[in-house]
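Trainee: Please take one part of this model and go through it closely. I would like the helix packing, and then whatever surrounds it.

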Amino acid sequence: LALPHHLQQPGERFALEIPPDPAFIGTARLFAASIGRSFRLPETSVDDMKLAVSEACGYLMVTAPGPVAVQVEQSAARLTFNITSTPSPAAEASDHETLLGLEVIGALFPDAQSTPDPPTITFSVPLEKEPPGTG
Amino acid sequence: VLDLIQNGSHQVVVDLRGVEFMDSTGLGVLVGALKRLREQEGDLALVCTEGPVLKILTLTGLDRVFPIHRDVAEATGS
């Protein structure tokens, strides 16, 4: 995924939906990394985004099993991630220890929030200005 | 790792230098292995020098739980 510059405008949204199967979390990581790199974020930020998206998808698949949507919206200065699960009525949430993942997200992105209805994890990443003379 | 433990190894070193990504699920596996080994008076050491894997170990405080070394020779004391 490489986003042309004309798509990198404030208000643009990008979305991916994956089945509630941990095997697809890697796809969500690739999605996050591709967006981060297309905005020329430093690799350390891209790594943080991959980790937070991975933790969020894993947490939602355990606590509210159902398809998981990863939505990214660009504002003037930030990329905001909303990761939401649509729980399947027949699925049962696990009581497996999952809080560590939320703590990791909070440590990476201090504005991270988790809400139960709908099950959503939100965090945002600052967009850094390109150094002069690049691009 | 579980195979090693079941085969009688009590001192295990996991070289993570080639691992590009790990989340809390991977940490859970390592913690589970560490717990089993310590029940048998063994230990699990990690080889990890930099990058995202060391970062999550630090973020979660597990860098104070696992012995972390720069290379396998240091971890094994050879």
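Mentor: Start with the term that the packing angles rest on. Axes are lines fitted to C-alpha atoms, for helices over the stretch in contact, and angles run from 0 to 180 degrees between N-to-C directions. Keep in mind that this is a predicted model.

Take helix α1 of chain A, residues 25–38, against α2(A). Their axes come within 8 Å and cross at roughly 150°. Angles over 145 degrees count as roughly antiparallel, so α1(A) and α2(A) are roughly antiparallel to each other. The crossing of α1(A) and α2(A) is right-handed. From α1(A), the contact uses Ile25(A), Ala28(A), Arg29(A), Ala32(A), Ala33(A), Gly36(A) and Arg37(A). From α2(A) come Glu43(A), Val46(A), Met49(A), Lys50(A), Val53(A), Ser54(A), Cys57(A), Gly58(A) and Met61(A). By class, the contact of α1(A) with α2(A) holds nine nonpolar, three polar and four charged residues.

Between these two helices runs a loop, and Arg40(A) sits in the loop between α1 and α2 of chain A. Its phi is near 60°, a positive value in a residue other than glycine. Most residues other than glycine have a negative phi. Arg40(A) counts as partly exposed, because its relative accessibility is 41%.

Now the other partner of α2(A). Helix α2 covers residues 43–63 of chain A, and helix α3 covers residues 99–108 of chain A. The axes of α2(A) and α3(A) come within 9 Å and cross at roughly 150°. α2(A) and α3(A) are therefore roughly antiparallel to each other. The crossing of α2(A) and α3(A) is left-handed. On α2(A), the contact is made by Asp48(A), Leu51(A), Ala52(A), Glu55(A), Ala56(A) and Tyr59(A). On α3(A), it is made by Gly101(A), Leu102(A), Val104(A), Ile105(A) and Leu108(A). These residues of the contact of α2(A) with α3(A) divide into eight nonpolar, one polar and two charged.

The largest nonpolar core has 53 residues. Those with the most contacts inside that core are Cys57(A), Leu79(A), Phe81(A), Ile83(A) and Phe123(A). The largest share of this core, ten residues, comes from α2(A). In soluble globular proteins, nonpolar side chains tend to be buried together. Leu79(A) touches residues including Ile35(A), Phe39(A), Leu41(A), Met49(A), Val72(A), Phe123(A), Val125(A) and Leu127(A), leaving aside residues up to four places away in sequence.

Step back to the chain. Chain A has three helices and five strands. Along the sequence, chain A follows the pattern β-α-α-β-β-α-β-β. Of the 135 residues of chain A, 41% count as buried. Among contacts in chain A between residues at least 6 apart in sequence, 65% join residues at least 24 apart.

Next, follow α3(A) across to chain B. There α3(A) packs with helix α3 of chain B, residues 51–59, at an angle of about 105°, their axes 10 Å apart. That makes α3(A) roughly perpendicular to α3(B). Val104(A), Ala107(A) and Leu108(A) in α3(A) meet Lys55(B), Ile56(B) and Leu59(B) in α3(B). This contact of α3(A) with α3(B) divides into five nonpolar, no polar and one charged. Val104(A) and Leu108(A) also belong to the contact of α2(A) with α3(A).

Asp23(B) lies in the loop between β1 and α2 of chain B. Asp23(B) touches Arg29(A), Leu51(A), Ser54(A), Glu55(A) and Ile56(B), not counting residues up to four places away in sequence. Asp23(B) counts as buried, because its relative accessibility is 11%.

Finish past the end of α3(A). Pro110(A) is placed in the loop between α3 and β4 of chain A. At 77% relative accessibility, Pro110(A) counts as exposed. The peptide bond from Asp117(A) to Pro118(A) is cis, with omega near -5°. Most peptide bonds are trans.

How values were computed: Residues are numbered from 1 along each chain as its sequence is written. Chains are lettered from A and ligands numbered from 1 in the order in which they are written. This is a predicted model: local features need pLDDT of at least 70, side-chain atom pairs count only at pLDDT 80 or more; totals for chains, interfaces and linings use all residues. Side-chain values use heavy atoms; hydrogens and water are left out. Helices (H or I, at least four residues) and strands (E, at least two) are DSSP runs, numbered from the N terminus. Angles under 35 degrees count as roughly parallel, over 145 as roughly antiparallel, 65 to 115 as roughly perpendicular and the rest as oblique. A crossing is left-handed if the near helix is turned anticlockwise from the far one by less than a right angle, and right-handed if clockwise. Contact means heavy atoms within 4.5 Å. Ala, Val, Leu, Ile, Met, Phe, Trp, Tyr, Cys and Pro count as nonpolar, Asp, Glu, Lys and Arg as charged, and the others, Gly among them, as polar. A nonpolar core is a set of buried Ala, Val, Leu, Ile, Met, Phe, Trp, Tyr and Cys residues joined through side-chain atoms within 4.5 Å. Buried means under 20% relative accessible area, exposed over 50%, partly exposed in between (1.4 Å probe, protein chains only).
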